[in-house]
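Here are my notes, as requested. They are set out as numbered points to be read alongside the structure.

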Amino acid sequence: MTRIVAVSGVLPPHRYRQQELAEALARLVLPPGADPAVLHRLHAGAGVTTRHLALPLEAYADLGGFGRANDAFIAAALDLGEQAVRAALDGSGLTADGIDLVVSTSVTGIAAPSLEARLAGPLGLRQDVRRLPVFGLGCAGGAAGLARLDDHLTGHPGHAALLLSTELCSLTLQRSDASPANLVASALFGDGAGALLAVGAGHPLHDTAPGPTVVASRSRLYPGTGHLLGWDIGDRGFRIVLGSDLPELARLHVAEETAAFLAEHDLKPGDVDAWICHPGGPKVLDALSEALGLPDAAFAASRRSLAAAGNLSSASVLHILRDVQAARRPAPGSTGLMLALGPGFASELVLLRW
């Protein structure tokens, strides 16, 4: 089984209170004379207390079109990505030149050469390292990335692999766009990066690392829902598509899929000791916990992450896994479930065991 050796999460240095962001973003996204009451109400109900931004708040008014925003994405993503990988390497027992595969995921900017290619030299990755940059999985990219690492390491048990997730959601915000989806996004999403190191069953670190093993994973597309989540990409960059039906879809379909996946491993939702659930928003978390029959405490780590940093898209599950291990490492034999949702509409599930 694949063993997770280390996981890290990093945030940009520009930290703001939610109320401070609401006041600034009202000036940025609302037309002159518009009533900011709806925006302030969305910010107050998002379950977010603070967020970290890639740039100082005052810089967003001057970003201009998509080109400048994407240039800012590349610069900030390289800095955060390098920090995240170095933090994961520190104390892991691995060195950069011992990594055989890198999967990098992001849905908030475009880079070619991709981020991991640009970081290969500064980090000291081997010239023959295998690379798989992934775009389009959205918030599900962290869980899907771990599952793809596991697929590779199952076939290459002596290898070590790196997952890098870098999401700068603030750089996709559309100025002068008072659509409900853009207002919700302005209240919910933050910036951050995460990195995860894993080894196969034949690697020397497999039996000594304290992290969990990957038991199984499942990917699921829900037909007829592709219009509910994703991007409309135009001259001004990424305009978010965010359907109001997502919490109900989570309640009706994702909860059922999760219960069925667990049942295949003789588990029920109540048997899961650690939920690493992507914090898609308070309504999504409420819908999932209610449909799965879970107590409020089950998603406490997700709600804390949402409050402290907002929805970090694919990086959120890595931050939550790091926090779960740091706060109280689950006892040997404990079960964890990583769960994330993304465009497609799709879910990604990864079953873990400590």
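1. Contact here means heavy atoms within 4.5 Å. On that basis, and leaving aside neighbours within four places in sequence, Leu171 is in contact with Ala54, Leu55, Tyr60, Leu63, Ala69, Ala72 and Phe73. Please keep in mind throughout that this is a predicted model.

2. The aromatic side chains deserve a separate look. The structure holds 5 aromatic pairs. In one of them, the ring centres of Trp275 and Phe299 are 5.6 Å apart and the ring planes stand at 85 degrees. Planes over 60 degrees apart count as edge-to-face, so the Trp275 and Phe299 pair is edge-to-face.

3. Where do Trp275 and Phe299 lie? Trp275 belongs to strand 11 (residues 274–277), whereas Phe299 sits in the loop between helix 8 (282–292) and helix 9 (300–309). The pair therefore ties together parts that are 24 residues apart in sequence.

4. Are Trp275 and Phe299 buried or exposed? The cut-off for buried is under 20% relative accessible area. Trp275 has a relative accessible area of 4%, so Trp275 is buried. Phe299, at 1% relative accessibility, therefore counts as buried.

5. Ring pairs also link Phe66, Phe135, Trp231 and Phe238 into a cluster.

6. Asp35 is found in the loop between helix 1 (18–29) and helix 2 (37–44). Its relative accessible area is 59%; exposed means over 50%, so Asp35 is exposed. A polar atom of the Asp35 side chain lies 3.0 Å from the backbone nitrogen of Ala37. Asp35 and Leu101 are 66 residues apart along the chain, and their C-alpha atoms are separated by 50 Å.

7. On annotation, an unreviewed UniProt entry places the feature "domain: Chalcone/stilbene synthase C-terminal" at residues 216–353. In the model, the chain over residues 216–353 is 37% helix and 28% strand. The end C-alpha atoms of that stretch are 10 Å apart.

Technical notes. Residues are numbered from 1 along each chain as its sequence is written. This is a predicted model: local features need pLDDT of at least 70, side-chain atom pairs count only at pLDDT 80 or more; totals for chains, interfaces and linings use all residues. Side-chain values use heavy atoms; hydrogens and water are left out. Helices (H or I, at least four residues) and strands (E, at least two) are DSSP runs, numbered from the N terminus. Buried means under 20% relative accessible area, exposed over 50%, partly exposed in between (1.4 Å probe, protein chains only). A polar contact is a pair of N or O atoms within 3.5 Å; within protein, one must be able to donate a hydrogen and the other to accept it, and residues adjacent in sequence count only if both atoms are side-chain atoms. Rings of Phe, Tyr and Trp (its six-membered ring) pair if their centres lie within 6.5 Å; planes under 30 degrees apart count as stacked, over 60 as edge-to-face and the rest as tilted. UniProt positions are given in the numbering used here, feature names are shortened, and annotations may be inferred rather than shown by experiment.
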